[in-house]
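Here is a quick walk through the structure shown below. Take a look around first, then read on.

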Amino acid sequence: MAPLLHTHQIHPRATLNRLHFLLYSLSLLLLLYHHTTTPSSFLLLLADVFLAFMWLLSQGFRWRPVRRWEFPELLSKVTASKDFPALDVFICTADPYKEPPVGVASTALSALAFDYPSDRLSVYVSDDGGSDLTLFAFFEAAKFARCWLPFCRENGVMERSPEAYFQSGGCDGEAEEMKVMFESLKERVDCAMEKGHVDLNLVNSLEEKEIFKTWKNFTRKDHPSVIQVLLESKKDKDITGHPLPNLIYISREKRPASLHNFKAGALNTLLRVSETMTNAPLILTLDCDMCSNDPHAPQRALCYFLDKDFSPNLSFVQFPQRFTGLNINDIYNGEFRRVFTLGEQGLDGLQGANYIGTGCFFSRRSLYSSPPVAMPSFDEFKLQSCLLSSELVLLKAHEAASSEYEHGRKEWGSQIGFRYGTLVEDYYTGYMLHCQGWRSVFCNPNRPAFLGEAPKSLVDAISQSKRWFVGLYQVCFSRYCPLLYGCRKISMLAGFCYMYYALWGCWCIPLTIYGLLPQLALFYGKSLFPKASDPWFFLYAYLFLSTYIQDLIEFMEVGGLIWRWWSEQRMWLIKGISSSTFGTLDFILSQIGCSALGFNLTTKVQKEEENKLYENGKFVFSTASPFFVSMGMIAIVNVISFIFGFIKAVRRIGGLDEMLIQLFLSGFIMTNSWPIYEAMFIRKDGGKMPESVTKASILLSSILLYLGNFYFT
Ligand SMILES: O=c1ccn([C@@H]2O[C@H](COP(=O)(O)OP(=O)(O)O[C@H]3O[C@H](CO)[C@@H](O)[C@H](O)[C@H]3O)[C@@H](O)[C@H]2O)c(=O)[nH]1
Ligand SMILES: [Mn+2]
């Protein structure tokens with residue numbers, strides 16, 4: 001009998017969730033009934049209906065969450081490690097100034113150093129920035145790999161990204177030597193970065209000089225394809241004589257006239273180029289900042305891919321996105337535990353975790369076709385017999401990387417490869433694979449397998465989510481809308497989950513209503529909710545408290561800390577009134593042809609001062625962004641309404657009884673808004689709110705408070 005390589009359990013949470021589901025749905029029906037008997041405001045009804053609908057969709061995640069365990073130590077009973085299926089690692093980068101080349105190279109080094117047979121491991125880097133700086137860093141990294149890989153192997157290093165390793169602590173002896181070497185690599189790259197191009201003096205080898213000489217007038221949007229085999233397993237050896245894995249740099253051809261489809265386009269180019277070179281049956285996709293933190297991560301994925309019962313329709317094994325360098329309270333909710341852990345466990349119990357763009361092992365065949373019924377044979381992908389750097393192979397590779405390639409081959413991005421047509425290619429690709437009948441697995445080991453970087457400034461965090469919201473709308477309003485298409489193709493519950501995400505951008509509707517309307521009413525002394533002495537009051541109390549308590553329990557149960565939970569719910573509010581509103585507007589404008597959507601990269605470098613503020617848990621506002629105006633406006637309306645509402649209520653008999661819910665609501669929002677008040681009126685450091693934003697917020701909130709007059713009196 002084959003040994004058990006993995007096992008799973010339906011999460012004990014599921015039972016509680018289902019009980020809660022019953023009670024909560026009855027309460028929601030009561031709430032709707034209450035709305036029909038005491039019509040208070042159409043807008044509140046709208047907000048409640050939307051919240052109830054989102055709650056219903058979110059039940060998909062809560063119905064059958066699954067936990068899994070793998071036993072990689074038993075793999076040797078199934079296959080010898082020298083016979084592991086070949087693995088191609090794809091790493092994407094797109095801008096040397098937002099994604100520093102040394103960081104990208106560190107990610108690549110961490111993957112090259114996987115504990116995996118080196119003749120079966122290849123790392124492909126896609127550079128959408130078309131930058132000689134990135135290529136230069138990779139030439140240097142390839143040299144460094146010759147020492148770094150044996151060093152990691154011999155010392156059993158776990159963090160195989162040099163950047164992470166040297167940051168994490170004291171080095172002595174051999175490690176010190178490595179550090180010096182890495183520092184000099186960094187210096188050379190920084191030197192080139194400062195100049196803005198690779199000076200030929202920096203380059204020693206004649207061959208490299210030739211390459212950088214041709215690098216004239218390349219721009220991100222206009223340049224020929226560049227493919228460089230930097231390490232080749234068949235001939236390159238490390239300093240101990242051990243063969244090295246393959247390392248290939250690719251910058252696909254870009255022409256202003258052709259569509260490039262952002263990251264999905266880059267990944268598809270990698271898919272094709274790697275097909276001409278190593279054609280490994282397994283693929284790992286990584287973002288440029290997602291370093292390996294466990295050299296045995298591929299073995300964990302193999303526990304699923306090598307399971308004969310599991311493998312025939314298994315498309316991918318997704319690891320959670322985990323992050324380094326978060327401040328203690330994770331003020332911007334960079335962790336995204338709800339999405340990256342809870343959401344994935346929930347989907348895993350249905351048809352499989354969703355693809356989240358990085359840290360994901362794919363079976364190559366699933367990106368080309370519908371699920372087979374038989375166990376794939378991993379031998380069917382023959383390894384290239386000639387050298388990767390041979391003329392014939394390179395010719396084919398360049399053809400695969402040309403910008404014309406997909407003309408007349410419309411199946412790319414629709415039936416083959418990573419899917420086009422949205423800014424969230426990861427969500428959409430995973431969803432479409434599930435619709436085709438493929439399944440997937442969420443693999444969440446205790447030691448994070450990969451560690452990346454989360455946005456470290458508020459504008460970045462908000463802009464990132466805005467891009468996601470827009471991308472999700474693109475799927476929501478396509479013919480593959482999860483509610484209409486997904487529910488039929490996958491299952492109702494999985495369709496619900498995908499729809500829940502698709503509608504993420506709509507949180508602005510209930511949150512703006514609840515953030516302004518009850519407060520304006522409070523300001524004018526008008527009650528919108530049941531009195532505290534009214535039995536209906538308990539319905540509201542129950543709905544609010546049980547939602548928050550369930551959320552808290554789930555969050556802590558997957559290892560979250562309570563202050564991080566507070567940050568998470570606060571960021572949900574903040575995004576709900578900023579990125580969600582602007583994302584919705586952006587999407588509408590693009591639909592009526594007024595603007596074009598783009599993929600704004602999240603920057604992975606931070607100014608010193610901002611970094612300090614972040615570490616101390618201080619929000620960084622500093623830029624005059626419209627996002628902040630919407631936040632400032634709501635924060636001010638709430639504080640003014642609270643003060644005036646409170647004074648009015650205590651002066652009237654039974655006033656507090658009548659206004660309790662509204663007072664509580666403003667109080668709650670004010671508590672959440674503390675960093676905004678602080679940034680507007682107290683702080684003096686560089687992260688404080690720009691004066692123009694404060695003024696605009698005050699102006700807008702005064703107008704709103706004035707307009708309330710017509711609505712409530
Ligand atoms: O035209 C492009 C744009 C982006 N990228 C790469 O895509 C990755 C993700 O970009 P980033 O700016 O870091 O976006 P995030 O919002 O942090 O990324 C999340 O969301 C993206 C979808 O919006 C997914 O692709 C990512 O995997 C997921 O981590 C990076 O490695 C980029 O270099 C490209 O290769 N080409
Ligand atoms: Mn990122």
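## Ground rules

A few terms first: helices (H or I, at least four residues) and strands (E, at least two) are DSSP runs, numbered from the N terminus. Two strands count as paired if DSSP finds at least two bridges between them.

Keep in mind that this is a predicted model, where local features need pLDDT of at least 70 and side-chain atom pairs count only at pLDDT 80 or more, while totals for chains, interfaces and linings use all residues. Residues are numbered from 1 along each chain as its sequence is written, and chains are lettered from A and ligands numbered from 1 in the order in which they are written.

## The sheet

Start with the open sheet: 8 strands with mixed pairing, in the order E5-E6-E4-E3-E7-E11-E9-E12. Strand E5 (226-231) and strand E12 (439-442) sit at the edges with a single partner strand each, so one side of each has no neighbour in the sheet. From one strand to the next, the twist averages 20°. (Axes are lines fitted to C-alpha atoms, for helices over the stretch in contact, and angles run from 0 to 180 degrees between N-to-C directions.)

Now zoom in on strands E3 (residues 87-93) and E4 (residues 121-127), which run parallel and are joined by 7 bridges. Thr93 has Asp127 in E4 as its bridge partner. Packed on the sheet is helix H4 (residues 132-155), which touches E3, E4, E5 and strand E6 (246-251). The direction of H4 makes about 15° with that of E5. Contact here means that the C-beta atoms of two residues, placed from the backbone, lie within 7 Å.

## Two domains

The protein chain splits into domain 1 (22-63 + 483-712) and domain 2 (77-454), with bounds from an automatic or database domain assignment. Their C-alpha centres are 38 Å apart. Each domain puts 32 residues into the contact.

## Around ligand 1

Where does ligand 1 lie? Both domain 1 and domain 2 give residues to its shell, so ligand 1 lies between them. There are 24 residues around ligand 1, and Cys92, Ala94, Asp287, Gly357 and Thr602 come nearest. (A residue is near if its C-beta atom, placed from the backbone, lies within 6 Å.)

Elements giving two or more residues to this shell are E3, helix H8 (262-277), helix H12 (425-435) and helix H13 (458-476). H13 provides the largest share, 4 residues.
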